[in-house]
Amino acid sequence: MGGFTKMNGLAAKRGYTYRLTRRQFLVASSAAALAACAPAAVTPGASGSPSAAPGKELKIGQLLPFTGVYAELGNSMRRATELYLRQNDQKLANRPVKLIYEDDTNVTATGIQKAQKFIDQDKVDVMMGVVPTPLAYGIRNAVHEAKMIFIDTNAGGNALTRDTPDCKPACKSPYIFRSSFSSYQISFPIGDYLSAKGTKDWFLAYANYGFGTESKADFTTGLKKNGGNVTGEVAPPLGNADFAPFVTQIKNQPTKNVYSFFSGADAIGFIKTWNQLGLPAAGYKMYGAGFLTEQDVLKEVKDLANGAITSLFWAVELDNAENKKFVADFQKQYPLLPDVFAVQQYDGMRALDEALKKLGGDTSDKDKFSKALEDVTFKSPRGDFAFDKTTHNPIQDIYLREVKTTGGQTVNTILDKIAKVTDPGK
Amino acid sequence: MSPELLFQQALNGLSFGALLFILAAGLSLVFGMMDVVNLAHGAFYMLGAYVALTVVQFTGSFWLALAAAPVALGALGLAIEPLLLRHLRGRHLDQVLLTIGVSLVIVDQIGLIWGREVRSLPFPPGLDGTVVLIGGVYPVYRLFVIAFGVALAAVIAVIYRRTKLGMLIRAGVEDAEMLGALGVNTDRLFALTFAVGAALAGLAGVIAAPVFGLQPGMDVDALLYSLVVVVVGGLGTLGGAVAGSVLVGPVDTFGKVLFQEFALAVIFAIVALVLLFKPTGLLGRIRIAR
């Protein structure tokens, strides 16, 4: 019980108020009370086991957005972090964890300052988080030079885990790991797969910003591997309000298979306008990177997304024991389904935990710390998880999913799997 | 561009323009009367959309939401003017700063009450279908937005020119001080004007929500577009708001598909050109600095 309240006290000092619902509080406090009572009841007086004495406090700096357009991603990742810690008695490798959250406010310069604060002022043992790719690129050099172990739990820009000329705009580092994905991983394999299946002509629609253009380029390379071909494209600006002009363009060209890269509000706008302008009836078929049909989008558009085929390294419906447990535990703790961002963060915590266990909790030697992380493998909700030792990007399966509505529930059903996708690293 | 495509994109542009008119009319009215650029206008728009979301969730009726949101926003406007703005009357820059503060408070409250995830409002039943027009099918809702915009402009024009309230507003825009000297209660008139401006922003929020969705940051987009419209059309006049939105809507639509790389720059290029050659806006009145 003490550990739990202490965590909240520390968090409150950091300026973040934790809003617990009554249910969450009851669940957490009764779990803590049970945990506190159980050993005393079973083995009174026998607290001599060596692992019982808690180790040194482990400081984890979490750089996440809690305001601005990505606020909900930050909230989801915070939920996943705290779920993992609750499941593990608020400790990693027997070290009590102190979480320090900083809000990047969706401004790159602010995020860079906060990362510097983690390094210089808080002297955290490990850094996690980062949603937008420009911020991940922006803190890369500072993290690398400080030998700060940083687990990127979202930003997907390819360069962060690659060899690039003159390290522009970023490049891999022994101290940087990624528990999410690279743009390449969610774009190239699906382009390759779809063209190999015989559909050669594609029209593209993508949000015109870094991640959109990078994904589009990788998808096109995948297509071309099997003689596929892009017949045209539309590129709305990121956060575009009115999708009618773009969907009208799509409807007035002959290529029926449309591959798209949108997420969040853009994805909702695109799917609704697609239906409103009657594209399904006109024979057009929607494909996309998985974010197009994640929970945040599906709960708003529902069956309007039916038939859309998307690819991602996870789906809430994925049928494996770890995922079922993760989804159930998450729902027990919070009144909502986990999303892919929660999985990325949860896996980041798990990878950190596994590495620390191997090190006996000792994080002082950063090169040893990095080596330990490289060797981590475990069963994740997404399937087998391992870091690629040369890039520090995950090696993961990519799932093909189709949106279907059954019994009032709109979900991604798994169609196929592309096994063990790695990033080429350059 | 084929004639069919041209026609469809023109409709897209016009329906966007109609929405911009509903949005910008309130901003223009408040400026004309009170000489205040109300930078909380985008936040009012956002709040209107979220009020509509709640009304639709509880009652299932889009039409009730379309009535409730302007009423709620009007009430808010009626409270904000006497409580806050009135105390800074005559200090225009301070009033503008105050409206920024109001918008920050509103947007943060929306985040606390409704959350920060992306939301959407379903199309109202009956308007969710399509009709056959030249070159294919076209969504009914977007035609409804055009019709609504035109009807609203007509209603405002009639009130402006044919009613006592309209006469007072026109007189207030001309010279509020003189109006006060003639025995008109300008305090009440200003509060009413501000309330109507807020109600129009709320109305635009409801109309836009099924098409554009609800998300953090929507207030800034809406404010930016409405400022563009009133700057291009001319601040403070009904004709200016009409001219600005009829120009900006289609230009934005065609600009986005024809010059994708400069999608965001096209409308600002228009603003720059208008400011260069006609600094008062297309139909703006020449204002004497007071």
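Biologist: Which residues of α5(A) are buried?
Modeller: The buried ones are Thr133(A), Leu135(A), Ala136(A), Tyr137(A), Ile139(A), Arg140(A) and Val143(A). Buried means that 20 or more other C-beta atoms, placed from the backbone, lie within 10 Å of the residue's own; 12 or fewer is exposed, and in between is partly exposed. This is a predicted model, where local features need pLDDT of at least 70, side-chain atom pairs count only at pLDDT 80 or more, and totals for chains, interfaces and linings use all residues. Residues are numbered from 1 along each chain as its sequence is written, with chains lettered from A and ligands numbered from 1 in the order in which they are written.

Biologist: What do the buried residues of α5(A) pack against?
Modeller: They pack against α4 (108–122), β4 (126–129), β5 (150–152), β6 (176–178) and α7 (210–225) of chain A. A contact here is two C-beta atoms, placed from the backbone, within 7 Å. Helices (H or I, at least four residues) and strands (E, at least two) are DSSP runs, numbered from the N terminus.

Biologist: Where does α5(A) bend?
Modeller: At Ile139(A), by about 40°. That is the angle between axes fitted to the seven residues ending there and the seven starting there. Ile139(A) is also one of the buried residues.

Biologist: And what comes just after α5(A)?
Modeller: Lys147(A), with a positive phi of about 50°.

Biologist: Switching to strands. Why is β1(A) largely enclosed?
Modeller: β1 (residues 58–64) of chain A is largely enclosed by the rest of the structure because six of its seven residues are buried.

Biologist: How many bridges join β1(A) to β3(A)?
Modeller: Seven, and β1(A) runs parallel to β3 (residues 95–103). Two strands pair if DSSP finds at least two bridges between them. Lys59(A) sits opposite Lys98(A) in β3(A).

Biologist: Which way does β4(A) run against β1(A), parallel or antiparallel?
Modeller: Parallel, with four bridges joining them. Leu63(A) has Gly129(A) of β4(A) as its bridge partner. β4(A) also packs against the buried residues of α5(A).

Biologist: Now the other chain. How many residues of chain A are in contact with chain B?
Modeller: 29 residues of chain A, with 28 of chain B. On the chain A side, α3 (71–87), α8 (244–251), α9 (264–276) and α10 (295–301) each supply at least two residues. The largest share, six residues, comes from α9(A).

Biologist: And chain A as a whole, how many helices and strands?
Modeller: 13 helices and 15 strands. Of its 426 residues, 52% count as buried.
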